[in-house]
Amino acid sequence: MSALNRLQLTDFRSYAALEMVLDDRPVVLFGANGAGKTNILEAISFLAPGRGMRRVAMDVPVRHDCQSGVWALHAVLSCGEDEPFALGTGLDPQKRARRVRIDGQNTKTGALADLLRLVWLTPAQDRLFAGPRGARLRFFDRLVLSLHPLHGRVSTAYERAMRDRQRLLDEGNADPAWLDACEQQMAEAGVKIMRARADTITHLQDEIDAREASAFPQADLTLEALYDDAPKADAPDCVDALTSIFAAARSRDAMAGRALCGPHKANLQVLWRAKTMPAALSSTGEQKALLIGLTLAHARAVAAAKDTPAPLVLLDEACAHLDKDRRAALIDEVCAMQGQGWLTGTDRALFDAFGDRAQFFEVRDSVVKCA
Ligand SMILES: Nc1ncnc2c1ncn2[C@@H]1O[C@H](COP(=O)(O)OP(=O)(O)OP(=O)(O)O)[C@@H](O)[C@H]1O
Ligand SMILES: [Mg+2]
């Protein structure tokens, strides 16, 4: 079981100071619009490497008008039998970057991923299926990252090599050896990206397939390559095949001003299995149910992965569009998870099905009271 047993915030968003003492049960935060519920989930999301669930720069969450100009989060994380860990993160006053401490020692952000994983779902993702392809791929890459912690670094290497290559193409008359080198780097990183994504699809699909009778609809996931002759991720000569594709695309990419082929040109397709219908054509509530089903499958896949801590699951407004039966099913799933769930909603009654299986907090004007 992974759970936060203490959470302290200083000058984070609307919170000058917040302290919550918690047991291992799921946490329900309820209160009016603007009360400060999502801010708490966002703070927790900074316990994962990256820019948090609102995808902002490190200095953005600093509380307006605060004297210090920095924010901080401290948490106590329990993980089953082990001694609890003291985690700290926040804005470093000198470097204007992120600071991470584990048990009082400064460490790299990546070290957080060894201790805890996070899975989150926010209302901003409600239009995921019908929205732009890039946002869907970003969403999916975050799922990949929690199963393959190096995916972020590899993706950065791929993008850097792609930018370097494009600069050479834009300048014209580039030494082909330089282009070769960039394309080799792109292909090596690209194949790692493709394999991590393919592996993630397999794990997600296994978890989805294992729940035939769930209240959440089963989805069929595919990752479509949006360029011709894309190699299969498991092909032994995949690096060579990608290198050739990049080399053949030079003049086209030079004219377009961007790379038109490669793993960045991928589209996550989600099909509602029982209706054999694209998720984008489903109703608002149906899309939400599919998205929650996918998120829960993801949480189970991370929990089942070898040597991976069970993820904390942050569900912001997840109950908003759900009917009573689906709400109850979600609550049962959250109670069965190996990682603590954090749920928000405007109304306590949305969470009645928890009974005493959760700890309830009322949030009002950024004051949090045990309820
Ligand atoms: N940097 C900041 N400094 C101070 N206050 C902030 C900062 N950023 C956001 N806020 C405020 O925090 C308040 C609470 O926001 P939050 O998103 O947590 O509300 P919420 O309870 O989730 O509401 P809703 O139910 O509408 O989603 C908002 O009124 C917002 O203006
Ligand atoms: Mg909110």
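Across the interface of domain 1 and domain 2, the rule finds one salt bridge, meaning a side-chain nitrogen of Lys or Arg within 4 Å of a carboxyl oxygen of Asp or Glu. R211 forms a salt bridge with E333, and their closest N and O atoms are 3.0 Å apart. This is a predicted model, in which local features need pLDDT of at least 70 and side-chain atom pairs count only at pLDDT 80 or more, while totals for chains, interfaces and linings use all residues. Residues are numbered from 1 along each chain as its sequence is written, and side-chain values use heavy atoms, with hydrogens and water left out.

Where are the two domains? Domain 1 covers 1-117 + 309-371 and domain 2 covers 127-283, with bounds that come from an automatic or database domain assignment. Their C-alpha centres lie 30 Å apart. Seven residues of domain 1 are in contact with nine residues of domain 2, contact being heavy atoms within 4.5 Å. The area buried between the domains is about 670 Å², and carbon and sulfur atoms give 56% of it; this is the accessible area (1.4 Å probe) that two parts lose on being put together, summed over both. On the domain 1 side, R117, R326 and E333 lose the most area to domain 2, together 63% of what that side buries.

Now follow helix α8, residues 284-304; helices here are DSSP runs (H or I, at least four residues), numbered from the N terminus. At 1.5 Å times one less than its number of residues, α8 should span 30 Å, which agrees with its end C-alpha atoms being 30 Å apart. Of its 21 residues, 16 are buried, so α8 is largely enclosed by the rest of the structure (buried means under 20% relative accessible area, with a 1.4 Å probe and protein chains only).

How values were computed:
Chains lettered and ligands numbered in written order. Helix = DSSP H or I, 4+ residues; strand = E, 2+ residues; numbered from the N terminus. Buried < 20%, exposed > 50% of the residue type's maximum accessible area, 1.4 Å probe, protein only.
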